[in-house]
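I set aside this page for what I looked up in the structure, one entry per topic. The first entry starts with a term that I needed before going on.

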Amino acid sequence: MKCFFIKVNILILALLLGACGGDDAAEDEASPQNPPTDSQPDDQTSNEKPAVLLIKSAMPSSGFAGGSVILEVEGADRSTVAILNGVTITPNTIDEVDQTITFLIPDNASSGPLKIVTDEFSSNAIWFSVGKIEAGVNAPVDGVMTPVEGEIVTDDMGNTVAIAYLLVSLSEGNDTRAEADRLAALASGGEVVGRISLVNGWQIKVDAGSLAGLQAIKATLEGESTVEYTVIDIEIQPDAADDVINWAGDPDRPSQRSRNKVEEGVALYKSKVSPTASGKVRPFFMSIGVSEAGIDYKHADFSGYARTADNFSGNVAIYANQQGSALSKHGSNVTGVIAAELGDKGNAGPIRALSKVHGGAIIHVGTGDGSWSLARLAQTEQQIMTGAQVINWSWGIRKEGGTDCSGASVTGLSLNADMFADYSLMMNDFFSNLDKKYPNVVIVTSAGNDAANAGDGDFRLPSSIVSDQLLVVGAHTTKGSVRRGNEILVEDDWAGSKSATSCYDTTITTDVKRADYSNYGSRVDIAASGSIIGLDNELYISTDEATSGANWGTSYAAPLVTATVALMQSINPDLRPIEIKSRIRQSALPIENKVVLNNAETENFTRVLSEDESSSLKGKGARLNIEGAIKQALNSLNEETLPIAELVTVTLEPGVTEVTEAISVTIPSTGWIFDKVDIMFLVDVSFSYADDLKVFSDKASDLIDVFSESGANVQIGLSSFSDFPQAPFGAGVDSSDYAYRLDQALTSKYLDFNTALVGLSRQSGGDFPESQLEALFQVNAEANEEDVGWRPDALPVIFLATDALFHNSDNEPAYPGAGLKETIAALVERGTRIFGLQSGGTVADVVAIANATGGEAFTLSRDSKEIVEVARTALAKASTNISVVLETEGDLSGLVQSITPSGLVNAQPGDAIPNVKPGNTIKFDIVFNKGILTANVAHTFSFRFRVIAEDVAVIQNIPVTVIIKK
């Protein structure tokens, strides 16, 4: 069955390259020494309440109108129909013996929950994505095809490989469908069939016939100048209630929760957060992705989810295939750490424990169809595009030839060097583009179970990748005992001295230690408990007094961190990934950090805590402290400067599916409207501007006072220019002239700006026109965004200080710099306003570019002494006659149907209200509906509206709670 992963329009949250086997090339981070079995302990199955009607799997799990879908089900009869996001579909066939249902995706279908119903029962729901085909092109806008029987072989490393497909990544500027088609024509039977835009990748179907044939085609395509790299697809298999929150029914491991302060963190969140209670923090909706093949809805941990039509238990929904296999066991264990129901003697998830006080959560569990790496990557892209804010990866890829800390070879399936190199390029591309397009997404990944260095880029992915958006989790011990053959040993002791991979410093006497299987190193950001009560009844790990089965691995440490990140985001969705990572580490508990290698050298277990992170724990390892992390998120709200409006509460009464509410927005009448402003001074340092430079330096402290007194969140920076160091533009190659230089990135440390300003020195410039356009283009360029420090939700402003006309390559073909047209287009696209500071008279070019960007040109005296007053006037102007639009943030359940300006003639949903002035009150008509809730389910959602001015800067937040009554 061929299947696609495509663009959806509301949610989908799972992610990249799913769970991966501990002994496979990409390993599921369960214990490699003791892979889980298919059996379940009696005490976990005795209280099960199996659903009468179940969807076990869908093939494919996404598709296009007219496509065929086969559901593997349980309990279907001749009355069964499918319901996809509210659209009822009559099956083409219902096989009551094999328990399969086949139907076609109707033209009016859209992405959303898919369930089946009979005359008596309603099943669990899975998430099904419906995509669109690019007009006139027989390939998805985004997505890939997965191989079928006859297109699969096993390579010398034991990996399952697809020989009918290649992913070809194209270089910047050549990433077009036409070029992909040209390359496909070079391959035997080549045809473009898929797309992964985050890696500039095009999937090409080829008629290779064998792995050798595929490798020959790969070599041919890699010889093309437009090709960065190609990737062969491989299969990645895994191996391994009340208002009073009562943990007693879920014993877990003794000290599992206490060693990460889980219960204390849940209690703190409950005491401070509520979607409705007065005086408490308003939470925001959580969107969590779990990269696993499925979960077992029959297990007690998820029985409540299976009993509701939309998979809701409390205020949490889980969308996943139900699979009675080893695949779903690992998924059930990982997901259970996040959101298992309480009171069933299994896992206990903090997200479910807090369901009455948070703003709602949806968890999508899935890896795509099967376990193919490209399909998982493509689905990840779609899930991120449609709302996932934190995603759990309990997986990893390793290269052959690695060794653990004891010097022993790491065994199990691995990639050869060439294939590992391709995957390394692809994964680095993924994170590079993730940072550009989706900078607020956090990916939590397990460090791995090889007792090796997780940060070794020549050995392991993705933990070795350096990214602010990747949080790497190791595993520490959880008090209890472990079974080795017929011997039961205390886990802390085993990790301390009994295991060959302990690699332990015998001077350490603390109980909490690095789990002997856990990877380590400077890329490990945090450690968490790695042992859980799981679905298996083998005595791999037991408690001191009970004989409950358990599982271990960094697989189960990662989801506890994922749940923590989600709760932090629900408190303050403005926290950036780097802030989340920093605050988790700042609040960490200590763990002894030394790993002694076989050559007597040492490594750290986790990245050492620095003086800035924790002066008292400097040099220690970092152990997850959920209570501390929640406290950090709450404290971060005190640092917010963005105005928060009054709470808006919307209620959908029983039987009501849609309601319209008018929401008012009042623009402040005094002070700056914009909460965040990024101000870059771009200063002419050519010879003619020498006297003005001195004034700039003299007035630096006064300028800083202007920004400090504004009350806004202002960053300021400094850049400068003279001209290209080549005649006739600059003074020549031996001169110190330059067309653009960043002297100080945008910063809130104003003394740094002052130092940079004082340090500016006069250059030459060979002729009177200067390189203003080149400098404006460079300082505003997307490629330089990170270096300059532009913030995505701040008003970007450039003060251009000059006394000269511009060199312009639009009418000077020999000039090597930017032209006026492309510079204005780039400035307008970002929303950057130019305020011209003209020294000694009017400069026509300055006036033109200021007018084109919504700024203004000011004429100063010859020495620019009025600079401070002009800065005040310019920034005041930025707050008048603005356009305002209202957007949702965190409405990942699709409750908001439309937002339309009130009272505007011919206003359409999504329109802005123009010419808004300070003190004005404007209104928007909001249509709310039940979103993804296709059944009559009571639920409470919290999210917010963002008031956005000039299509660039957030100026106000409006919290909203939607109560759906049953």
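**Strand pairing.** I take two strands as paired if DSSP finds at least two bridges between them. With that in hand I turned to the predicted model and looked up E3, which pairs with strand E7 (residues 100-104) in the antiparallel sense over five bridges. I noted that Ile-70 stands opposite Thr-102 in E7. Strand E1 (residues 54-59) also pairs with E3 in the antiparallel sense, over five bridges, and there I found Glu-72 of E3 as the bridge partner of Ser-57.

**Backbone angles.** I kept in mind that most residues other than glycine have a negative phi, and that most peptide bonds are trans. Gln-99, in the loop between strand E6 (93-95) and E7, has a positive phi near 55°; its relative accessibility is 14%, so Gln-99 counts as buried, the cut-off being under 20%. Asn-915 also has a positive phi, near 55°, but I found Asn-915 in strand E44 (residues 913-916), where Asn-915 is exposed with a relative accessible area of 52%.

I then looked up two cis peptide bonds. One runs from Leu-461 to Pro-462, with omega near 0°, and Pro-462 lies in the loop between strand E22 (460-461) and strand E23 (470-476). Another runs from Ala-727 to Pro-728, with omega near 5°, and I placed Pro-728 in the loop between strand E37 (713-721) and strand E38 (741-747).

**Surface charge.** I noted a patch of negative charge on the surface, where Glu-172, Glu-228, Glu-782 and Glu-829 gather. Of these I followed up Glu-782, which lies in the loop between helix H17 (772-780) and helix H18 (785-788) and is exposed, because its relative accessible area is 58% and the cut-off is over 50%.

**Asn-604.** I located Asn-604 in strand E32 (residues 602-604) and recorded it as partly exposed, at a relative accessible area of 32%. Asn-604 and Lys-620 are 16 residues apart in sequence, and I noted 8.9 Å between them in space, C-alpha to C-alpha.

Terms used: Residues numbered from 1 in each chain as written. Predicted model: local features only at pLDDT ≥ 70, side-chain atom pairs only at ≥ 80, totals over all residues. Heavy atoms only, no water. Patch = residues over 30% accessible without salt bridge, like charges linked within 9 Å, V, L, I, M, F, W, Y side chains within 5 Å. Areas by Shrake-Rupley, 256 points an atom, 1.4 Å probe, with all protein chains shown as cover. Salt bridge = Lys/Arg side-chain N within 4 Å of Asp/Glu carboxyl O. Lys, Arg positive; Asp, Glu negative; His and termini not counted. Charge placed at Lys NZ, Arg CZ, Asp CG, Glu CD. Helix = DSSP H or I, 4+ residues; strand = E, 2+ residues; numbered from the N terminus. Buried < 20%, exposed > 50% of the residue type's maximum accessible area, 1.4 Å probe, protein only.
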